[in-house]
Amino acid sequence: MPVTHMLAASVGEVVACLIRVPSEVVKQRAQVSASSGTFHIFSNILCQEGIQGLYRGYKSTVLREIPFSLVQFPLWESLKALWSWRQDHVVDSWQSAVCGAFAGGFAAAVTTPLDVAKTRIMLAKAGSSTASGNILSALHAVWRTQGLSGLFAGVFPRMAAISLGGFIFLGVYDQTRSFLLELGRESP
(Lines give C-alpha, C1' and ligand atoms only; values in the text may rest on other atoms or scores of the structure.)
Protein backbone atom coordinates (compact mmCIF):
# COMPACT_ATOMS: atom_id res chain seq x y z
CA MET A 1 0.00 0.00 0.00
CA PRO A 2 1.67 3.23 -1.11
CA VAL A 3 2.31 5.91 1.50
CA THR A 4 -0.24 8.22 -0.12
CA HIS A 5 -2.95 5.55 0.25
CA MET A 6 -2.02 4.99 3.90
CA LEU A 7 -2.04 8.71 4.61
CA ALA A 8 -5.38 9.19 2.81
CA ALA A 9 -6.91 6.25 4.70
CA SER A 10 -5.65 7.64 8.01
CA VAL A 11 -7.10 11.10 7.33
CA GLY A 12 -10.36 9.46 6.29
CA GLU A 13 -10.48 7.55 9.59
CA VAL A 14 -9.83 10.71 11.62
CA VAL A 15 -12.72 12.48 9.88
CA ALA A 16 -15.08 9.47 9.95
CA CYS A 17 -14.52 9.14 13.69
CA LEU A 18 -16.04 12.60 14.16
CA ILE A 19 -19.39 10.91 13.43
CA ARG A 20 -18.61 7.35 14.47
CA VAL A 21 -17.46 8.10 18.03
CA PRO A 22 -20.55 9.95 19.34
CA SER A 23 -22.72 7.24 17.79
CA GLU A 24 -20.61 4.54 19.42
CA VAL A 25 -20.66 6.23 22.84
CA VAL A 26 -24.47 6.48 22.80
CA LYS A 27 -24.84 2.92 21.45
CA GLN A 28 -22.54 1.40 24.05
CA ARG A 29 -24.24 3.20 26.91
CA ALA A 30 -27.63 2.11 25.58
CA GLN A 31 -26.38 -1.48 25.56
CA VAL A 32 -25.44 -1.38 29.24
CA SER A 33 -28.50 0.64 30.32
CA ALA A 34 -31.57 -1.35 29.38
CA SER A 35 -34.06 1.12 30.86
CA SER A 36 -33.03 4.33 29.07
CA GLY A 37 -33.92 5.38 25.55
CA THR A 38 -31.36 6.58 23.05
CA PHE A 39 -32.42 10.23 23.16
CA HIS A 40 -32.41 10.17 26.97
CA ILE A 41 -28.88 8.74 26.99
CA PHE A 42 -27.73 11.33 24.44
CA SER A 43 -29.28 14.15 26.51
CA ASN A 44 -27.73 12.87 29.75
CA ILE A 45 -24.28 12.75 28.19
CA LEU A 46 -24.61 16.34 26.97
CA CYS A 47 -26.00 17.61 30.30
CA GLN A 48 -23.55 15.77 32.55
CA GLU A 49 -20.37 15.74 30.47
CA GLY A 50 -20.87 18.24 27.67
CA ILE A 51 -19.78 17.71 24.11
CA GLN A 52 -16.53 16.10 25.28
CA GLY A 53 -18.64 13.28 26.74
CA LEU A 54 -19.85 12.42 23.25
CA TYR A 55 -16.25 12.35 22.06
CA ARG A 56 -14.89 10.28 24.92
CA GLY A 57 -12.78 7.63 23.28
CA TYR A 58 -12.18 9.63 20.09
CA LYS A 59 -8.40 9.34 20.35
CA SER A 60 -8.55 5.65 21.26
CA THR A 61 -10.93 4.96 18.37
CA VAL A 62 -8.63 6.69 15.88
CA LEU A 63 -5.65 4.86 17.38
CA ARG A 64 -7.51 1.58 16.86
CA GLU A 65 -8.76 2.29 13.34
CA ILE A 66 -5.47 3.44 11.81
CA PRO A 67 -3.46 0.33 12.80
CA PHE A 68 -6.44 -1.80 11.77
CA SER A 69 -6.38 -0.30 8.26
CA LEU A 70 -2.59 -0.49 8.07
CA VAL A 71 -2.82 -4.24 8.74
CA GLN A 72 -6.00 -5.09 6.79
CA PHE A 73 -5.43 -3.43 3.43
CA PRO A 74 -1.80 -4.42 2.76
CA LEU A 75 -2.61 -7.98 3.91
CA TRP A 76 -5.66 -8.09 1.61
CA GLU A 77 -3.56 -6.90 -1.34
CA SER A 78 -0.77 -9.38 -0.52
CA LEU A 79 -3.18 -12.30 -0.23
CA LYS A 80 -4.77 -11.41 -3.57
CA ALA A 81 -1.34 -11.17 -5.19
CA LEU A 82 -0.30 -14.54 -3.75
CA TRP A 83 -3.54 -16.21 -4.86
CA SER A 84 -3.19 -14.64 -8.33
CA TRP A 85 0.38 -15.87 -8.60
CA ARG A 86 -0.57 -19.39 -7.48
CA GLN A 87 -3.39 -19.71 -10.05
CA ASP A 88 -1.61 -17.67 -12.73
CA HIS A 89 -4.44 -15.16 -13.24
CA VAL A 90 -6.11 -12.31 -11.41
CA VAL A 91 -8.36 -13.35 -8.53
CA ASP A 92 -12.11 -13.39 -9.02
CA SER A 93 -14.27 -11.16 -6.82
CA TRP A 94 -15.26 -14.10 -4.59
CA GLN A 95 -11.56 -14.87 -4.07
CA SER A 96 -10.93 -11.22 -3.24
CA ALA A 97 -13.78 -11.47 -0.73
CA VAL A 98 -12.15 -14.52 0.90
CA CYS A 99 -8.87 -12.62 1.13
CA GLY A 100 -10.79 -9.67 2.62
CA ALA A 101 -12.38 -11.92 5.23
CA PHE A 102 -9.02 -13.29 6.30
CA ALA A 103 -7.33 -9.88 6.28
CA GLY A 104 -10.17 -8.32 8.28
CA GLY A 105 -10.22 -11.14 10.80
CA PHE A 106 -6.47 -10.97 11.31
CA ALA A 107 -6.50 -7.17 11.65
CA ALA A 108 -9.37 -7.49 14.12
CA ALA A 109 -7.43 -10.00 16.21
CA VAL A 110 -4.24 -7.97 16.46
CA THR A 111 -6.07 -4.72 17.26
CA THR A 112 -8.43 -6.22 19.85
CA PRO A 113 -6.45 -4.82 22.81
CA LEU A 114 -6.93 -1.34 21.34
CA ASP A 115 -10.64 -2.06 20.97
CA VAL A 116 -10.82 -3.20 24.60
CA ALA A 117 -9.11 0.02 25.72
CA LYS A 118 -11.49 2.11 23.57
CA THR A 119 -14.52 0.39 25.06
CA ARG A 120 -13.26 0.80 28.64
CA ILE A 121 -12.61 4.49 28.02
CA MET A 122 -16.05 5.08 26.47
CA LEU A 123 -17.89 3.26 29.26
CA ALA A 124 -15.83 4.53 32.20
CA LYS A 125 -17.52 6.59 34.87
CA ALA A 126 -17.22 10.32 34.12
CA GLY A 127 -14.31 11.82 36.01
CA SER A 128 -12.51 8.50 36.53
CA SER A 129 -8.90 8.02 35.48
CA THR A 130 -10.00 5.64 32.70
CA ALA A 131 -12.45 8.23 31.34
CA SER A 132 -9.52 10.61 30.81
CA GLY A 133 -8.71 8.61 27.67
CA ASN A 134 -5.18 7.44 28.38
CA ILE A 135 -4.93 4.31 26.23
CA LEU A 136 -1.75 2.97 27.81
CA SER A 137 -3.25 3.42 31.27
CA ALA A 138 -6.43 1.60 30.21
CA LEU A 139 -4.40 -1.24 28.69
CA HIS A 140 -2.25 -1.48 31.82
CA ALA A 141 -5.32 -1.63 34.08
CA VAL A 142 -6.78 -4.48 32.02
CA TRP A 143 -3.44 -6.30 31.99
CA ARG A 144 -3.05 -5.88 35.76
CA THR A 145 -6.53 -7.17 36.60
CA GLN A 146 -7.25 -9.67 33.82
CA GLY A 147 -3.97 -10.43 32.10
CA LEU A 148 -3.68 -11.38 28.45
CA SER A 149 -7.19 -12.82 28.32
CA GLY A 150 -8.60 -9.43 29.35
CA LEU A 151 -6.71 -7.66 26.59
CA PHE A 152 -8.24 -10.06 24.05
CA ALA A 153 -11.75 -10.15 25.52
CA GLY A 154 -14.28 -10.55 22.71
CA VAL A 155 -11.62 -11.39 20.13
CA PHE A 156 -13.61 -14.20 18.47
CA PRO A 157 -16.90 -12.31 18.02
CA ARG A 158 -14.89 -9.29 16.82
CA MET A 159 -12.99 -11.45 14.33
CA ALA A 160 -16.19 -13.10 13.11
CA ALA A 161 -18.05 -9.83 12.61
CA ILE A 162 -15.15 -8.09 10.90
CA SER A 163 -14.34 -11.14 8.75
CA LEU A 164 -17.91 -11.16 7.50
CA GLY A 165 -17.75 -7.42 6.91
CA GLY A 166 -14.42 -7.78 5.10
CA PHE A 167 -15.84 -10.56 2.93
CA ILE A 168 -18.85 -8.49 1.92
CA PHE A 169 -17.23 -5.04 1.68
CA LEU A 170 -14.00 -6.01 -0.07
CA GLY A 171 -15.72 -8.55 -2.33
CA VAL A 172 -18.35 -6.03 -3.42
CA TYR A 173 -15.67 -3.33 -3.71
CA ASP A 174 -13.60 -5.55 -5.99
CA GLN A 175 -16.62 -6.58 -8.09
CA THR A 176 -17.80 -2.97 -8.45
CA ARG A 177 -14.31 -1.74 -9.28
CA SER A 178 -13.92 -4.43 -11.98
CA PHE A 179 -17.35 -3.58 -13.40
CA LEU A 180 -16.59 0.15 -13.56
CA LEU A 181 -13.18 -0.41 -15.13
CA GLU A 182 -14.74 -2.67 -17.77
CA LEU A 183 -17.51 -0.13 -18.38
CA GLY A 184 -14.86 2.57 -18.86
CA ARG A 185 -13.04 0.43 -21.44
CA GLU A 186 -16.25 -0.08 -23.42
CA SER A 187 -17.20 3.61 -23.49
CA PRO A 188 -16.06 5.56 -26.56
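**A tour of one aromatic cluster**

Begin by selecting F73, W76, F169 and Y173, which together form one aromatic cluster. The model is predicted, so local features need pLDDT of at least 70 and side-chain atom pairs count only at pLDDT 80 or more, while totals for chains, interfaces and linings use all residues. Residues are numbered from 1 along each chain as its sequence is written, and side-chain values use heavy atoms, with hydrogens and water left out.

Rings of Phe, Tyr and Trp (its six-membered ring) pair if their centres lie within 6.5 Å, and planes under 30 degrees apart count as stacked, over 60 as edge-to-face and the rest as tilted. The count by this rule is five aromatic pairs. Select F73 and W76: their ring centres are 6.4 Å apart and their planes stand at 75 degrees, so this pair is edge-to-face. Both belong to helix α4 (residues 58–87), where three residues, about one helical turn, separate them; helices here are DSSP runs (H or I, at least four residues), numbered from the N terminus.

Now colour by accessibility, where buried means under 20% relative accessible area, exposed over 50% and partly exposed in between (1.4 Å probe, protein chains only). W76 is buried at 2%, whereas F73 is partly exposed at 21%.

F169 is exposed at 51%, and Y173 is partly exposed at 40%.

Technical notes: Helices (H or I, at least four residues) and strands (E, at least two) are DSSP runs, numbered from the N terminus.
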